[in-house]
Amino acid sequence: MELTELTAAELGRRIRDGRIGVREAVQAQLDVIEARDSRYGCYITVRREEALARADEVQKGIREGRYSSPLAGVPIAVKDNICMRGVRTTCASRMLENFRPPYNAAVIEKLEEAGTVILGKTNMDEFAMGSTTETSFFGAVRNPWDVSRVPGGSSGGSAAAVAAGEAFAALGSDTGGSIRQPSAFCGVTGIKPTYGTVSRYGLIAYASSLDQIGPIARNVEDCAALLEIIAGEDRRDSTSVPGLDHRYRSALSGGVRGMKIGIPKGYFSEGLDEEIKNAVRKAAGELCAQGAEAEEFELEAADYAVPAYYVIASAEASSNLSRYDGVRYGFRAQGCRGLQELCRRTRSEGFGQEVKRRILIGAFVLSSDCYEAYYGKAMKVRTVIRQSFERAFRRYDIVLAPAVPGPAPKLGESLGDPLRMYLGDIYTAAVNLAGLPAISLPCGMDRNGLPIGLQLIGRPFGERELFRAAHSYELARGGCFRPPAGPR
């Protein structure tokens with residue numbers, strides 16, 4: 001097996017044992033990026049020289065005992081909406097094309113303390129608004145399993161990089177499914193943690209009450225190891241929760257005997273691809289064969305999750321993105337006569353079509369005439385969905401569901417039909433509205449050789465149970481999917 005086909009945990013063990021050097025691992029990964037990324041478009045910025053210098057520093061730190069993390073020396077990638085001091089952080093937008101933050105996000109600080117090596121910043125949908133990673137100012141990302149298809153979004157660059165062997169693991173952000181959906185399309189594993197588990201300090205905001213940073217990797221163990229590193233209280237983020245048990249790797253070996261699994265009936269009705277339906281139900285059967293119990297139940301208001309999500313997310317986006325006005329930082333339109341023209345032209349020229357669409361929707365639903373009719377009702381639906389999950393978790397340990405309704409669309413199919421793109425979040429958005437943790441992992445292949453994703457949803461701060469069930473299923477399935485041989 002080639003070095004770049006190892007999982008992050010496998011590589012970390014070999015680095016600690018002295019069988020592989022950190023520079024050797026980083027150089028091998030950079031070579032793969034150079035050879036493949038022109039086909040896939042996973043990265044916006046690659047830190048070649050900085051990563052090699054960091055590799056030497058980490059190697060010395062491992063020898064001296066300063067770095068003892070299971071991922072010390074492992075090269076990883078970071079989504080380009082996570083601030084890194086002095087490194088171009090663009091949100092895949094012309095508005096921030098040359099923005100270099102003067103500070104590190106909390107997760108970057110934790111990654112550096114753990115001794116990881118950050119290779120670069122991955123491509124994404126502009127300001128995380130999209131489900132295909134086609135709205136990027138820097139061009140679309142292609143799915144490594146079939147380059148004529150999208151990788152999903154908005155963390156498509158991170159998921160595709162892991163799937164293509166261009167990163168051992170990566171960080172993404174999830175607002176309505178942006179980690180789980182591309183993980184499903186790209187045949188990798190990704191977890192959206194409970195809201196408040198990971199600090200949002202330094203994450204450029206899309207919808208502040210929904211955004212959460214999480215890991216994407218080749219298997220469950222790697223996700224657990226990476227989440228252990230980035231999780232924890234941060235005084236700079238008032239929504240981060242103290243006193244949690246973040247020993248996720250220790251939960252992997254528990255098995256699922258006696259675990260109760262709920263399956264939402266509404267998630268398996270009209271609109272779900274038949275091959276995905278069969279694969280997910282087969283996965284439920286495999287968990288039951290290991291001693292779990294499964295039954296169907298009604299998840300109240302699930303049909304309203306997507307419209308409620310897009311009303312709330314767009315409203316928060318219109319507020320968060322009002323700061324990009326051409327006055328303080330970022331892109332500035334030239335030749336303007338007065339402040340009004342400066343703001344209007346800067347936002348017209350600096351934002352892409354999808355971002356402008358969501359800003360307009362958000363401004364509309366927050367207007368005095370529409371606030372109660374749209375935003376107020378959406379917030380009530382959010383409460384009903386959260387309460388419905390609360391009732392479900394009185395009976396079940398985890399909820400099992402599809403991650404996506406169909407296979408990865410062809411490039412260009414969704415851009416002309418925004419509603420179709422929005423419906424891609426039909427099985428993921430409710431989790432963000434309720435603030436719950438959820439993990440997506442591969443559960444099979446369809447007739448076209450494309451991965452199928454399984455989603456497991458947990459109770460608040462129930463990541464340990466999720467990892468236990470996901471790892472048990474992964475072992476029964478035969479381990480993680482390896483990167484595809486090449487583009488088709």
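Author: Two atoms make a contact here when they are heavy atoms within 4.5 Å. The model is predicted. By that cut-off Gly453 is in contact with Ala184, Val280, Pro402, Ala403, Leu441 and Cys443, its neighbours within four places in sequence left aside.

Reader: Where is Gly453 placed?

Author: Gly453 sits in strand 11.

Reader: Why is Gly453 called buried?

Author: Buried means under 20% relative accessible area. Gly453 has 2%, so Gly453 counts as buried.

Reader: How far apart are Gly453 and Thr175 in sequence and in space?

Author: They are 278 residues apart in sequence. From C-alpha to C-alpha the distance is 18 Å.

Reader: How do you know that the span of helix 8 is close to the expected one?

Author: Helix 8 runs over residues 274–289, 16 residues in total. The expected span is 1.5 Å times one less than the number of residues. That gives 22 Å, and helix 8 reaches 22 Å from its first C-alpha to its last.

Reader: Now Ala301. Why does it count as buried?

Author: The cut-off is under 20%. Ala301 has 18% relative accessibility, so Ala301 counts as buried.

Reader: What makes the phi of Ala301 worth a note?

Author: Its phi is positive, about 70 degrees, although Ala301 is not a glycine. Ala301 is in the loop between strand 8 (293–297) and helix 9 (305–320).

Reader: Which residues is Ala301 in contact with, its neighbours within four places in sequence aside?

Author: Val384 and Ile385. Ala430 is 129 residues away in sequence, with the two C-alpha atoms 9.3 Å apart.

Reader: Which other residue has a positive phi although it is not a glycine?

Author: Phe127, at about 50 degrees. Phe127 lies in the loop between strand 3 and helix 5. Its relative accessibility is 2%, under the 20% limit, so Phe127 is buried.

Reader: What kind of peptide bond joins Gly153 and Ser154?

Author: A cis bond, with omega about 5 degrees. Ser154 is in the loop between strand 3 (117–122) and helix 5 (156–163).

Reader: What makes Thr428 buried?

Author: Its relative accessible area is 0%. The limit is 20%, so Thr428 is buried. Thr428 is found in the loop between helix 13 (418–423) and helix 14 (429–434). Beyond its neighbours within four places in sequence, its contacts are Gly176, Gly177, Arg180, Ala403 and Gln455.

Reader: Take the protein as a whole. How do you know that its radius of gyration agrees with a compact globule?

Author: A compact globule of 488 residues would have a radius of gyration near 23 Å. The protein has 21 Å, which agrees. Along its principal axes the C-alpha trace spans about 65 × 55 × 45 Å.

Conventions
Residues are numbered from 1 along each chain as its sequence is written. This is a predicted model: local features need pLDDT of at least 70, side-chain atom pairs count only at pLDDT 80 or more; totals for chains, interfaces and linings use all residues. Side-chain values use heavy atoms; hydrogens and water are left out. The radius of gyration is taken over C-alpha atoms; the globule rule is 2.2 Å times the number of residues to the power 0.38. Helices (H or I, at least four residues) and strands (E, at least two) are DSSP runs, numbered from the N terminus. Buried means under 20% relative accessible area, exposed over 50%, partly exposed in between (1.4 Å probe, protein chains only).
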